Amino acid sequence: MYRLGVTRSKIKRENDDIRKKLISKLIGTVNKIINHPDTVKKSIADWHSVYQFRKGQFPSIDVSDLPVYQVSVPVMSRYGFDECGGCYIDDMKLILLKDKIEIHKKPKGKFAQKMHTMLNETIDPEDIVVHELLHAISFKTRSLSAASLRWYESPYGGIKYRSSEEEFVYTNCMPFYRSKGISDDQVIKSIFMPFCIFELTSDKDFVSKIFEQLNMQMPQDDKEFSRIINKHADTIVACIIEESHNRAQHMI
């Protein structure tokens, strides 16, 4: 038991060192972004409906000092944030937001193309702001708790509570979406489904079950994996969409 405890302590120290280096690199990159001459500093108050939503839903959580940096698309892409419309950086307590939401080009491969048609291509920047604001509220709430946890706390590294965090954010956005007149069905299709699809396609157990339905073992070779999912794209996409819809409905 003693030797096991020593091993775990060593692993934790090593993981702490890795996290510190990653955080340091992230902070350096974000500082370059926010200090870029094209970047504009704003606050939550600049989005009136989001500000009112926060006051109504979370009156005791003060995030008035939370800066929102509007960043040009080229700058976001240059520093590795090209795939997201915005993000909350909890170690710096700030939000990065693209000044323009671009629709990505249609991907290659039958599977990727069919999945692409299932995802919402238009995003209201206001929806990104409220989403990232809720991440900030989540972080601030956990920081106030005696049992606070960082979402990447895991004995062997990695993100342990990412799904819980995202479900908190998505589900607590519901009053905001409804206040904008968005129906639950619209929320499921255009907002919740993309999240659920991402979770499912990242779930090895779920993907393995799909291959079992095809009477196949999930290949380890990337090229063979791509070949099979493109060949059986209709069946695989149908399974993913059905399960994603079920999970999104459950979240509602």
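**Salt bridges and ring pairs in a predicted model**

By the rule used here, the count comes to 7 salt bridges; a salt bridge is a side-chain nitrogen of Lys or Arg within 4 Å of a carboxyl oxygen of Asp or Glu. This is a predicted model, in which local features need pLDDT of at least 70, side-chain atom pairs count only at pLDDT 80 or more, and totals for chains, interfaces and linings use all residues. Residues are numbered from 1 along each chain as its sequence is written, and side-chain values use heavy atoms, with hydrogens and water left out.

I will begin with the chain as a whole. The secondary structure of the protein chain comes to 11 helices and 4 strands. Both are DSSP runs numbered from the N terminus: helices are H or I with at least four residues, and strands are E with at least two. The protein chain has 252 residues, and 37% of them count as buried. Buried means under 20% relative accessible area, exposed means over 50%, and partly exposed is in between, with a 1.4 Å probe and protein chains only. Of the contacts between residues at least 6 apart in sequence, 69% join residues at least 24 apart. A contact means heavy atoms within 4.5 Å.

Side chains of opposite charge can pair when their charged atoms come close. Lys110 is partly exposed at 40% relative accessibility, and Asp234 is partly exposed at 44%.

Asp234 also meets Lys114 in a salt bridge, at 3.4 Å from N to O. Lys114 is in helix H4 and Asp234 in helix H11, 120 residues apart. Lys114 has 27% relative accessibility, so Lys114 counts as partly exposed.

Next, Lys180 and Asp127 meet in a salt bridge at 2.9 Å, N to O. This pair links distant parts of the chain: Lys180 is in the loop between helix H7 (174-179) and H8, Asp127 is in helix H5 (residues 125-144), and they are 53 residues apart. Lys180 is partly exposed at 32%, whereas Asp127 is buried at 14%.

Now the rings. A search of the whole structure finds 6 aromatic pairs. Rings of Phe, Tyr and Trp (its six-membered ring) pair if their centres lie within 6.5 Å; planes under 30 degrees apart count as stacked, over 60 as edge-to-face, and the rest as tilted. Why is the pair of Tyr170 and Phe195 stacked? Their centres are 4.7 Å apart and their planes are at 25°, so the pair is stacked. Tyr170 belongs to helix H6 (residues 162-172) and Phe195 to helix H8 (residues 184-201), 25 residues apart. Tyr170 is buried at 13% relative accessibility, and Phe195 is buried at 7%.

Elsewhere, Phe53, Phe176 and Tyr177 form one aromatic cluster. Finally, the charged end of Arg54 sits over the ring of Tyr51, 5.9 Å from the ring centre. That label needs NZ of Lys or CZ of Arg within 6 Å of the ring centre and within 35 degrees of the ring normal.
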